Amino acid sequence: MVNLVCTQPDKVMAVVRLRHGVVGERRRVCHIVPIPESGPIPHQLRALCSEPILLGDAEVLNRIAGMPCEACLAASIPQHDHEYRALA
């Protein structure tokens with residue numbers, strides 16, 4: 001898969017953007033979308049920000065090109081069980 005963005009032992013992710021004309025330019029942000037590892041790709045995927053993405057309405061990118069979806073970026077950061085505190 002040429003447009004593969006990230007692989008981890010448990011996840012395959014792609015960067016997609018809604019096509020020109022599907023939404024206005026303001027909403028054409030780059031979403032991060034989990035891709036099923038096996039079986040057919042469903043007709044509708046859900047970005048990390050919970051935005052539904054219809055396959056025919058989106059283009060798969062080989063990198064983030066343009067404005068990234070901030071909610072997808074925030075959701076893509078691995079969560080750790082560490083406690084953070086301010087340095088005094």
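Mentor: Begin with the term salt bridge: a side-chain nitrogen of Lys or Arg within 4 Å of a carboxyl oxygen of Asp or Glu. Side chains of opposite charge can pair when their charged atoms come close. This is a predicted model, in which local features need pLDDT of at least 70 and side-chain atom pairs count only at pLDDT 80 or more, while totals for chains, interfaces and linings use all residues. Residues are numbered from 1 along each chain as its sequence is written, and side-chain values use heavy atoms, with hydrogens and water left out.

Trainee: How many salt bridges does the structure hold?

Mentor: There are 4 salt bridges. In one of them Arg17 meets Glu59, at 2.9 Å from N to O. This pair links distant parts of the chain, 42 residues apart: Arg17 is in strand E2 and Glu59 in strand E6 (residues 58–61). Strands (E, at least two residues) and helices (H or I, at least four) are DSSP runs, numbered from the N terminus.

Trainee: Is Arg17 buried or exposed?

Mentor: Buried means under 20% relative accessible area, exposed over 50%, and partly exposed in between, with a 1.4 Å probe and protein chains only. Arg17 counts as buried because its relative accessibility is 17%.

Trainee: Which residues are linked with Arg17 in a network of salt bridges?

Mentor: The network links Arg17 with Glu25, Arg28 and Glu59. Within it, Arg28 pairs with Glu25, the closest N and O atoms being 3.4 Å apart. Arg28 is buried, with a relative accessible area of 15%. Contact means heavy atoms within 4.5 Å; leaving out residues up to four places away in sequence, Arg17 touches residues including Arg28, Asp57 and Glu59.

Trainee: How many disulfides does the structure hold?

Mentor: A disulfide is a pair of cysteine sulfur atoms within 2.5 Å. The count here is 0. For Cys30, the closest cysteine sulfur is in Cys69, 9.4 Å away, so the two are too far apart for a bond. Cys49 is in no disulfide either, its nearest cysteine sulfur being that of Cys72 at 3.7 Å.

Trainee: Which residues have the most contacts inside the largest nonpolar core?

Mentor: A nonpolar core is a set of buried Ala, Val, Leu, Ile, Met, Phe, Trp, Tyr and Cys residues joined through side-chain atoms within 4.5 Å. The largest has 16 residues, and Val33, Ile35 and Ile53 have the most contacts inside it. E2 gives the most to this core, with 5 residues.
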